[in-house]
Amino acid sequence: MPGAKMAIKRGNSNMGIRRNNGGGGSWMSIVVLVLFLVLAPVGFFVGRRVYSAASIDQDISKQNVDWRARLALTHVQSLFSKKVIEVIKANTDDLGPLSFDSFRKNNLSASWKFSGQEDVGPTEIVETNKKRTPTGKEEKLFDDSHPQSVDTPAKLARRQLREKRRETRAADLVKKDDDIIIKLENAAIERSKSVDSAVLGKYSIWRKENDNDNTDTTVRLVRDQIIMARVYKSIAMMKNNTKLARELQNQIKESHRALGDAAADADLNRSVPERIKIMGQLLSKAKNEVYDCKLVTGKLRAMLQSADEQVRSLKKQSTFLSQLAAKTIPNGIHCLSMRLTIDYYLLPPEKRKFPRSENLENPNLYHYALFSDNVLAASVVVNSTIINAKEPEKHVFHLVSDKLNFGAMNMWFLLNPPGKSTIHVENVDEFKWLNSSYCPVLRQLESSAMKEYYFKSDHQTTLSAGSSNLKYRNPKYLSMLNHLRFYLPQVYPKLNKILFLDDDIVVQKDLTGLWRVDLKGNVNGAVETCGESFHRFDKYLNFSNPNIARNFDPNACGWAYGMNVFDLDVWKKKDITGIYHRWQNMNEDRVLWKLGTLPPGLMTFYGLTQPLDKSWHVLGLGYNPSIDKNDIDKAAVIHYNGNMKPWLELAMTR
């Protein structure tokens, strides 16, 4: 710097003059001048850093000072007074972000001032920075505090490649997350659809959690405290801390006593909040004295495994007992049937006949087929149909019962006639044509192998062990009333169309519109029950058998028995009963399907079933509590299929 050199020369000459004059102040002047000339650039840079530090203190989100700069500032602030730093700051407000390149180009040393500078606002600083940013090949990219080098083509290519890889990885992660979410949603849908009708507690639990606005957090808190107290008690005993173990045991008893049988917060007594507080203090003490992460984790895992085993055992017992309750005739109905039977056989023969018997074979009327051994259930079906019928006098009910309930069924409808409608009751045991030589299922039901399969499968005797075979021990699978639906033309040879009804349905609307439904040449009109993967053929049939795999589509949609329109004229032409016999003979060893009448029905009427509008028939009221109430209200027929029949004590309360 020429100016600096001249100043040094003049300083040297002056120093020599003053030395000759014997003046001591000249040394001080020279030192100050040298310090100024040497430290001025340093002060400039340091001042800019001090200014940045002050900005950081004001708004940490706007500046990002390097740790080295902070360390330098700490040392520099000890060299300069606050006043000097403020002067440097005032003279550098308009210089923008600092770099050595900008220092050189703007010749800042020539314009260094200690006074006379005005403060520059943030907006002006931004504009100044924009004007001073180099362009072209020498373009510099600045952040808030540090200079950056220019991107070369190679760097730019590498950056683009990294961005593409980043985007690809992000897309893969999003896809994986979507797949996981879809799997979880599908699993949740399947769990909601496959409600276990045998576990009675599920319904009551569902009702409490969904119908009650109270989340019952207090009950859960007490139970959680009891669990943790049991864990700490076990650890305390392991560590020979008997005093703490006794305290925990006492508090566990008190909490159990306070909780009682309460399942909701509203059922708790007033002592529970105080008990929660005391237990919380004791748990805190136990945590301080005996807490060990490994031991606590092990104890909780052991408790979880034990609880899981107990749940499985109790679930099996619950399944057994609920199945037993569902298949046992309630005392009230049993006694009713006995009294009605006695009364019927005390009547003289001439009073045992129903009126309007001439309507039984009139094809112009609306005919219903109902096969049941339950007097109360049959009466509900008949009554609900008549109540909602627009022309009850045109409705004819054909009831078939067994020998045990034949008298009771007749007596009930003799005492409670169905208004202007016609009714007729028959005994299935009097159908002489229905014998084992003609009917393969009857021959199979009478065999000892079938009885062994249904009633002594695996010879299991305990509650939990026998629960898995309960579905095979349902008496309806051995009753011809259940299989009589495949012989409708033989039972009613003079009719051309009939509506089949199960005895666990309730009619809510006039059903005469079903006789006007165009079946399009099909035999069976029924409501389909399949969803995305629910109630399709592969759920009922054994597709590992070549006879099944060769003749049926596993994804074909299932349909419901319970309310079916049958065209008996087409039935006879297609020889539906013969098709049923062929499949039943092939299933002698139960290799095609296990049990029931729906699987052979799906096979027999395969390709011959016309789907009906779902509003005609809503199913699931006997096991599924989540059916939409609007669907129930709009339905012509509601079906209590499942174990929770309305006439049983285990029925749903809604």
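The side chains of Asp502 and Arg485 meet in a salt bridge, at 3.7 Å from N to O (the term asks for a side-chain nitrogen of Lys or Arg within 4 Å of a carboxyl oxygen of Asp or Glu). Asp502 sits in the loop between strand 6 and strand 7, and Arg485 in the loop between helix 19 and helix 20, so the pair ties together parts that are 17 residues apart in sequence. Keep in mind that this is a predicted model: local features need pLDDT of at least 70, side-chain atom pairs count only at pLDDT 80 or more, and totals for chains, interfaces and linings use all residues. Residues are numbered from 1 along each chain as its sequence is written, and side-chain values use heavy atoms, with hydrogens and water left out.

**Around Arg485**

- Arg485 counts as buried, at 6% relative accessibility (buried means under 20% relative accessible area, exposed over 50%, and partly exposed in between, with a 1.4 Å probe and protein chains only).
- Elsewhere, the charged end of Lys287 sits over the ring of Tyr291, 5.9 Å from its centre.

**The other salt bridges**

- The structure holds 9 salt bridges.
- Glu254 forms one of them with Arg257, and the closest N and O atoms are 2.9 Å apart.
- Glu254 and Arg257 both lie in helix 10 (residues 242-259), 3 residues apart, which is about one turn of the helix (helices are DSSP runs of H or I with at least four residues, strands are runs of E with at least two, and both are numbered from the N terminus).
- Glu254 counts as partly exposed at 30% relative accessibility, while Arg257 counts as exposed at 55%.
- Arg275 forms a salt bridge with Glu254 as well, with the closest N and O atoms 3.9 Å apart.
- That pair links distant parts of the chain: Arg275 is in helix 11 (residues 272-290) and Glu254 in helix 10, 21 residues apart.
- Through shared partners, salt bridges join Glu254, Arg257 and Arg275 into one network.

**Aromatic pairs**

- There are 23 aromatic pairs in the structure (rings of Phe, Tyr and Trp, the last by its six-membered ring, pair if their centres lie within 6.5 Å; planes under 30 degrees apart count as stacked, over 60 as edge-to-face and the rest as tilted).
- One of them is Tyr368 with Trp515, an edge-to-face pair at 5.3 Å centre to centre, with 80 degrees between the planes.
- This pair links distant parts of the chain, with Tyr368 in strand 3 and Trp515 in the loop between strand 7 (505-507) and strand 8 (524-526), 147 residues apart.
- Tyr368 and Trp515 are both buried.
- Phe486 and Tyr561 form another edge-to-face pair, at 6.4 Å centre to centre and 85 degrees between the planes.
- Here Phe486 is in the loop between helix 19 (480-483) and helix 20 (488-491), and Tyr561 in the loop between helix 22 (546-551) and strand 9 (563-567), 75 residues apart.
- Phe486 and Tyr561 are buried as well.

**The sheet and its helices**

- An open sheet of 7 strands runs in the order 5-4-3-6-9-8-10, with mixed pairing (two strands pair if DSSP finds at least two bridges between them).
- Strand 5 (422-427) and strand 10 (609-611) stand at the edges with a single partner strand each, so one side of each has no neighbour in the sheet.
- From one strand to the next, the twist averages 25 degrees (axes are lines fitted to C-alpha atoms, for helices over the stretch in contact, and angles run from 0 to 180 degrees between N-to-C directions).
- Strand 3 (residues 366-371) pairs with strand 4 (residues 395-401) in the parallel sense, over 6 bridges.
- Within this pairing, Leu370 stands opposite Leu399, and His367 stands opposite Val396.
- Strand 3 is mostly covered, with 6 of its 6 residues buried.
- Tyr366, Tyr368 and Leu370 are on one side of strand 3, and His367, Ala369 and Phe371 on the other.
- Helix 14 (residues 375-387) lies across strand 3, strand 4, strand 5 and strand 6 (497-501), at about 175 degrees to strand 4 (contact means heavy atoms within 4.5 Å).
- Helix 15 (residues 406-415) lies across strand 4 and strand 5, at about 165 degrees to strand 5.

Definitions and conventions. A charge sits over a ring if NZ of Lys or CZ of Arg is within 6 Å of the ring centre and within 35 degrees of the ring normal.
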